[in-house]
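The report that follows is meant for someone meeting this structure for the first time. It goes through the chains, their domains, some helix pairs and the contact of the chains in turn.

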Amino acid sequence: MADLRNNHNLAPKPSFFNDPKVRSIFYQLVVMAIIIAFVYVVATNTAANLAAQNKSTGFDFFLQPASFDINFTLIPFDRTSYYWEAFVVGMLNTLLVSVIGVIFATLLGFMLGIARLSNNWIIAKLAMVYVEIIRNVPLLLQLFFWYTVVLKAMPGVKNSFEWFGGFVLNNRGFSFPKPMPDETFNLVFIAFFIAVIGAFALKYWARKRLEQTGNRFPVFWASIGLLIAFPVVVWLISGANLAFETPELKGFNYKGGLTLPSEFLALLFGLIIYTTAFIAEIVRSGIVAVDKGQTEAAQSLGLKDGDRLRLVIIPQAMRVIIPPLTSQFLNLTKNSSLAAAIGYPDLVSVFMQTTLNQTGRAVEIVFITMMVYLTLSLITSVFMNWYNARVAMVER
Amino acid sequence: MKNKIVTIALSAAMGLMATTAMAGTLEDVVAKGYVQCGVTTGVAGFALPDADNNWAGLDVDYCKALASAIFNDPDAVRYTPLNSSERFAAMSSGEVDLLSRVTTWTMSRDTQLGMNFTGTMFYDGQGFMVRKDSGITSPSELSGAAVCIQTGTTTELNAADYFAANNLEYNPVVFVDRDEVVKAYQDGRCDVYTTDASGLAANRSGFADPSAHVILDEIISKEPLAPVVRQGDDTWFNIARWTYFALVNAEELGITSANVDEMLGSDNPSVKRLLGVEGDFGASLGLSKDWAYQIVKNVGNYGEIFERNVGVNTPLALERGVNALWTNGGLQYAPPIR
């Protein structure tokens with residue numbers, strides 16, 4: 001009896017086929033089945049087609065010798081190295097140009113973005129002209145342009161620019177002395193590491209002191225001093241020796257030292273210049289997005305100009321800046337794949353061009369290459385999202 | 001609703017199931033009315049559009065010979081310019097019917113890529129080009145040199161082999177695009193440009209001052225350049241292969257585009273068989289009886305093609321050398337037609 005009474009309070013139960021819950025589960029299952037069937041068909045069809053074309057397939061090529069050379073590698077590589085080493089070389093080269101590119105593009109982008117908001121008419125207009133020209137010309141054209149500039153404007157090997165007897169610039173690239181630290185020099189590295197920890201401790205202490213006494217401490221300059229002075233003192237006391245191997249002209253080229261090839265310089269230059277324009281716009285939009293009242297409020301509190309930017313404006317602007325900034329970091333990394341066009345041995349050039357051609361494993365290699373870019377992008381996104389969460393406004 | 005979804009899914013699946021037809025290239029070619037020929041993006045003497053935007057060169061003439069054999073029309077060809085890194089993918093995807101594209105015949109390409117090489121149109125070897133003022137006379141003096149190379153080629157591997165075998169250091173600068181390679185060499189990025197000797201001559205002929213550059217005599221590799229077809233289509237393979245043999249046989253028998261009509265009345269049985277006067281050898285290829293007559297009439301014999309495109313009277317100025325007929329001490333040799 002009690003059951004019956006309770007049922008009166010419920011909505012009338014629909015038939016099984018009209019139950020929204022059942023329906024939604026059913027359609028989700030159908031969609032899942034279609035997706036799985038699709039992936040299965042594509043995979044089996046590809047395998048069948050490759051077999052029909054009498055092509056060798058599989059990933060066993062990774063353990064075969066590559067038998068080609070690469071002119072710019074971060075790890076030792078020669079023609080007896082394996083294809084997986086070529087893959088690593090390409091990936092490291094991509095990472096190198098991306099990381100350096102991201103750092104410089106961010107620094108320059110912030111400067112340029114602030115310059116666009118400058119009260120100085122010339123600075124603001126120059127920044128605007130830069131942004132409008134650079135971001136409206138395709139990157140590939142810019143890369144060709146910079147590469148041509150590097151090749152045409154730089155002197156040949158015999159007429160290289162030389163500075164301080166070890167820094168050499170010519171159309172082959174930029175060579176500089178290679179530091180050759182001896183074993184005791186490790187102490188200097190340890191000292192530097194300790195100094196970094198010290199700088200953080202100093203910052204913490206200065207903050208405490210500011211909160212307690214209201215007195216400021218010049219943390220920035222003190223930290224710089226600490227970072228330089230402590231390692232140098234350790235260096236002098238320990239008697240560690242830092243020799244340099246300078247590049248010297250022998251035969252065709254400069255030998256010894258370290259060399260950044262012109263392809264690397266052109267690519268890095270092109271990527272930085274291009275991405276800087278976009279980051280500048282993002283920074284500008286971020287700053288403009290902060291309400292003018294915030295500036296006025298900060299001024300009425302008596303904050304100095306630097307403090308006003310650092311403590312009030314930038315933290316609020318960052319919330320607007322970070323998400324699109326992440327996209328620009330991803331873009332720069334992905335754009336570095338244009339390197340193949342100007343001969344820089346990045347992942348696409350080494351792996352998707354040379355390796356693919358010598359082994360003929362097109363499907364496998366294209367798949368791996370896409371996975372690498374996907375992984376790099378996802379890692380960048382995860383890091384930036386973490387940072388974004390940290391700087392996000394805490395709602396109270 | 002459910003039926004609709006299933007129908008869509010099934011039709012999508014069917015579309016994917018439809019594999020590219022790998023056999024029956026001849027039928028496909030006849031049906032569409034032209035041969036889709038993969039050529040280089042531009043190498044003088046082998047495949048390069050002329051002032052009127054018509055493709056010309058040794059590789060191009062081979063495509064024309066093939067089209068003549070099938071359609072009696074040397075212009076029933078469409079050309080697809082391909083980079084060295086694109087060429088094999090274009091073949092296996094069926095984008096082109098054959099590759100006549102200064103491609104070196106190697107074992108791994110023949111056995112692993114699902115390709116077949118039809119016959120060596122041009123016996124080549126890898127050489128080096130340097131600036132004359134560098135004073136270099138032999139590749140053994142190239143230690144430490146920056147070397148411009150096109151990626152995905154046998155050139156890249158040969159260079160690595162050569163410099164390692166001779167204990168020389170070198171600095172490879174590789175580009176996807178051949179034009180970029182040549183430009184980098186001209187701009188002084190490299191001391192040396194290396195590719196097949198014929199390719200060096202072809203590129204040098206396009207320089208502003210060809211005499212400022214020398215091609216070193218030493219040849220460091222065997223580069224038999226051959227047209228390529230897909231593996232697994234024997235009919236098409238036979239047509240492609242015998243087109244080449246017909247060109248060589250025609251030269252050996254003294255048949256040229258000028259005298260081919262007279263030759264129809266020749267008493268020589270070999271000539272009669274080649275030109276289809278006696279017997280019908282075209283039928284076994286799926287072609288007409290006079291397939292070889294059409295080739296020679298429209299395009300000429302091997303010697304004519306060679307002299308017209310890369311011979312001593314062209315900017316490339318190449319001697320016949322190993323590409324002479326076997327009767328003249330060269331390597332060009334074709335099985336008899338009988």
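In this predicted model, the domain assignment of chain B gives two parts, with domain 1 made of residues 25–123 + 225–328 and domain 2 made of residues 126–221. The centres of domain 1 of chain B and domain 2 of chain B, taken over C-alpha atoms, are separated by 29 Å. Where these two domains meet, domain 1 of chain B contributes 17 residues and domain 2 of chain B contributes 15 residues to the contact. On the side of domain 1 of chain B that touches domain 2 of chain B, the residues divide into 10 nonpolar and seven polar, with no charged residue.

The secondary structure of chain B comprises 13 helices and 14 strands. Its radius of gyration is 22 Å, which agrees with the value near 20 Å that a compact globule of 338 residues would have.

Chain A is likewise divided by the assignment, into domain 1 (2–49) and domain 2 (83–137 + 262–391), and the C-alpha centres of domain 1 of chain A and domain 2 of chain A lie 44 Å apart. Chain A contains 12 helices and eight strands. For its 396 residues the globule rule gives 21 Å, whereas the radius of gyration of chain A is 29 Å, well over that value, so chain A is more spread out than a compact globule.

| Chain | Extent along the principal axes |
|---|---|
| Chain A | about 100 × 75 × 50 Å |
| Chain B | roughly 75 × 65 × 40 Å |

How do individual helices pack within the chains? In chain A, the axes of helix H4 (residues 121–134) and helix H8 (residues 262–289) come within 9 Å and cross at roughly 120 degrees. The crossing in which H4(A) passes H8(A) is left-handed. From H4(A), the residues Ala127(A), Tyr130(A), Val131(A) and Ile134(A) meet Ile273(A), Tyr274(A), Ala277(A), Ala280(A) and Glu281(A) of H8(A). By class, the residues of this contact are eight nonpolar, no polar and one charged.

A second pair in chain A is formed by helix H11 (residues 347–359) and helix H12 (residues 362–391), which pack at an angle of about 170 degrees, with their axes 9 Å apart. That angle makes H11(A) roughly antiparallel to H12(A). On the H11(A) side the contact is made by Leu347(A), Val348(A), Phe351(A), Met352(A), Thr355(A) and Leu356(A), and on the H12(A) side by Ala362(A), Ile365(A), Val366(A), Thr369(A) and Val372(A). Nine of the residues in the contact of H11(A) with H12(A) are nonpolar and two are polar, while no charged residue takes part.

In chain B, helix H9 (residues 234–252) packs with helix H13 (residues 302–309) at an angle of about 95 degrees, their axes being 6 Å apart. H9(B) and H13(B) are therefore roughly perpendicular to each other. Leu247(B), Val248(B) and Glu251(B) of H9(B) meet Tyr302(B), Gly303(B) and Ile305(B) of H13(B), and the residues of this contact divide into four nonpolar, one polar and one charged.

How many residues of each chain are in contact with the other chain? Chain B brings 41 residues into contact with 39 residues of chain A. Several elements of chain B each supply at least two residues of the side that touches chain A, namely helix H1 (2–17), helix H4 (87–92), strand S9 (145–150), helix H6 (154–165), strand S10 (170–175) and helix H7 (178–186). By class, this side of chain B has 20 nonpolar, 15 polar and six charged residues.

Key
Residues are numbered from 1 along each chain as its sequence is written. Chains are lettered from A and ligands numbered from 1 in the order in which they are written. This is a predicted model: local features need pLDDT of at least 70, side-chain atom pairs count only at pLDDT 80 or more; totals for chains, interfaces and linings use all residues. Two residues are in contact if their C-beta atoms, placed from the backbone, lie within 7 Å. Helices (H or I, at least four residues) and strands (E, at least two) are DSSP runs, numbered from the N terminus. Ala, Val, Leu, Ile, Met, Phe, Trp, Tyr, Cys and Pro count as nonpolar, Asp, Glu, Lys and Arg as charged, and the others, Gly among them, as polar. Domain bounds come from an automatic or database domain assignment. Axes are lines fitted to C-alpha atoms, for helices over the stretch in contact, and angles run from 0 to 180 degrees between N-to-C directions. A crossing is left-handed if the near helix is turned anticlockwise from the far one by less than a right angle, and right-handed if clockwise. The radius of gyration is taken over C-alpha atoms; the globule rule is 2.2 Å times the number of residues to the power 0.38. Angles under 35 degrees count as roughly parallel, over 145 as roughly antiparallel, 65 to 115 as roughly perpendicular and the rest as oblique.
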